[in-house]
Amino acid sequence: MNIGRAQEQMLWSIGLGRERGEFVFPPTTDVTVVQQQMQPRQRVLGFISISTATYAFMLGKETYSAWAIEKPTKITEDVRSLLRGLGQYDRNQPVGSKELSSVAWKEAGAAILQQLTGNAPPDAWDEFDELIIVPDRFTWYIPFEALQIQKGDEKVALIDKVRIRYV
């Protein structure tokens with residue numbers, strides 16, 4: 001009986017103790033190391049959300065830029081509009097061809113992309129072939145493939161311009 005209590009006490013201290021672990025996961029890596037491993041026409045679009053703001057960064061082989069997302073709550077509203085425009089009202093509803101052939105959702109898709117990229121010009125998407133997305137918080141729910149690049153009156157799906165991968 002005493003052995004059982006001693007084992008339980010040991011497990012309790014292991015599970016709830018504040019002992020520092022030897023390993024950090026994911027392992028920390030210097031940004032320059034990541035840039036060295038990138039191809040010239042690859043970009044990383046990453047998001048970091050903290051309690052008061054959301055930030056985005058774009059990382060290329062030789063370039064780096066960062067900006068604050070202006071209105072994250074507006075983006076979540078636009079994502080809802082986009083998904084509803086695609087026919088996703090609840091998790092059990094089938095999506096029909098009528099919803100997919102509609103173009104109403106494209107407006108929300110274009111607005112989301114502009115907000116996420118700090119109003120990047122449409123020509124910026126011609127500079128690379130592959131986009132690696134590192135989502136955080138609400139950006140996990142964004143269907144980046146369906147986002148729209150607006151050039152004048154024309155809208156082109158992001159997936160038609162660049163390959164998209166997620167990390």
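Colleague: What span should the 14 residues of helix α3 have, and how far apart are its end C-alpha atoms?

Modeller: This is a predicted model, and the check is one of simple geometry. At 1.5 Å a residue, helix α3 (residues 72-85) should span 20 Å, and its end C-alpha atoms are 20 Å apart, which agrees.

Colleague: Which residues of α3 are buried?

Modeller: A residue counts as buried when its relative accessible area is under 20%. In α3, these residues are Ile75, Asp78, Val79 and Leu82. Viewed down the axis of α3, the buried residues fall within an arc of 110°, so they line one face of the helix. The elements that cover them include α5 (105-116).

Colleague: What follows α3 in the chain?

Modeller: Glycine 87 follows α3, and its phi is positive, near 90°.

Colleague: Which residues touch the most other members of the largest nonpolar core?

Modeller: A nonpolar core joins buried residues through side-chain atoms within 4.5 Å. The largest one here has 28 residues, of which Leu116, Leu131 and Ile142 touch the most other members. At least two residues of this core come from each of β1 (42-49), β2 (54-59), α3, α5 and β4 (130-134). The element that gives the most is α5, with 5 residues.

Colleague: With which residues is leucine 131 in contact, leaving aside its neighbours within four places in sequence?

Modeller: Leucine 131 is in contact with Arg43, Leu45, Met58, Trp125, Leu158, Val162, Arg163, Ile164 and Arg165.

Colleague: Which residues does the second, separate core include?

Modeller: That core has 5 residues, among them Met38, Phe57, Leu59 and Ile132.

Notes: Residues are numbered from 1 along each chain as its sequence is written. This is a predicted model: local features need pLDDT of at least 70, side-chain atom pairs count only at pLDDT 80 or more; totals for chains, interfaces and linings use all residues. Side-chain values use heavy atoms; hydrogens and water are left out. Helices (H or I, at least four residues) and strands (E, at least two) are DSSP runs, numbered from the N terminus. The expected span of a helix is 1.5 Å times one less than its number of residues. Buried means under 20% relative accessible area, exposed over 50%, partly exposed in between (1.4 Å probe, protein chains only). The arc is that of the directions from the helix axis to the C-beta atoms. Contact means heavy atoms within 4.5 Å.
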